[in-house]
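Q: I would like to learn how to read a predicted protein model feature by feature. Could we go through one together?

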Amino acid sequence: EDLVALYTKSTICVFPSYAEGMPMSGIEAMACGKAVVASPAGFSDFIDNGVEGLIIEAGNVTQITAAIDELITNNKKRRRMEQAALEKAEQYDICQTVKNYEDLYLQMANR
């Protein structure tokens with residue numbers, strides 16, 4: 001509940017990680033309708049650059065700053081990304097994930 005409140009109060013969420021496994025923080029932010037600025041480390045698996053957020057090079061302060069500035073000042077673009085982020089996050093809902101695994105197992109069993 002605390003995380004939802006924090007995400008909701010945010011304008012954008014920034015994850016300039018050098019390494020990540022499955023970064024749930026990005027999906028959580030997207031599920032709260034936030035555009036994301038992130039490095040490719042794990043995030044590029046579910047964020048399409050320019051669609052749900054912006055992918056930047058980890059550690060590149062110039063890119064990070066420019067991406068944040070772009071989404072803070074361009075409300076129309078940010079709102080478009082926020083909507084796309086919400087839609088993408090739905091694909092990672094636990095019910096959808098279970099169904100995807102069930103479909104995969106059934107497909108494999110029927111080979």
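Q: Does F46 count as buried or exposed?
A: The idea rests on relative accessible area, where buried means under 20%, exposed means over 50% and partly exposed lies in between, with a 1.4 Å probe and protein chains only. F46 has a relative accessibility of 1%, so F46 counts as buried. Y92, in contrast, has a relative accessible area of 30% and is therefore partly exposed.

Q: What should I keep in mind about the model itself?
A: This is a predicted model, in which local features need pLDDT of at least 70 and side-chain atom pairs count only at pLDDT 80 or more, while totals for chains, interfaces and linings use all residues. Residues are numbered from 1 along each chain as its sequence is written, and side-chain values use heavy atoms, with hydrogens and water left out.

Q: How many aromatic pairs are found in the whole structure?
A: Rings of Phe, Tyr and Trp (its six-membered ring) pair if their centres lie within 6.5 Å, and planes under 30 degrees apart count as stacked, over 60 as edge-to-face and the rest as tilted. A search of the whole structure gives four such pairs. For F46 and Y92 the ring centres are 5.9 Å apart and the planes stand at 65°, so this pair is edge-to-face. Because F46 lies in the loop between β2 and β3 (53-55) and Y92 in the loop between α4 and α5 (94-109), the pair ties together parts that are 46 residues apart in sequence. F46 and Y92 also belong to one aromatic cluster with F15 and F43.

Q: Which residues touch the most other members of the largest nonpolar core?
A: In soluble globular proteins, nonpolar side chains tend to be buried together. A nonpolar core is a set of buried Ala, Val, Leu, Ile, Met, Phe, Trp, Tyr and Cys residues joined through side-chain atoms within 4.5 Å. The largest core here has 13 residues, and F15, M30, V36 and I47 touch the most other members. Two or more residues each come from β1 (12-15), α2 (24-31), β2 (35-38) and α4 (75-90), and α2 gives the most, with three residues. A second, separate core has nine residues, among them V37, I64, L71 and M81.

Note on methods
Helices (H or I, at least four residues) and strands (E, at least two) are DSSP runs, numbered from the N terminus.
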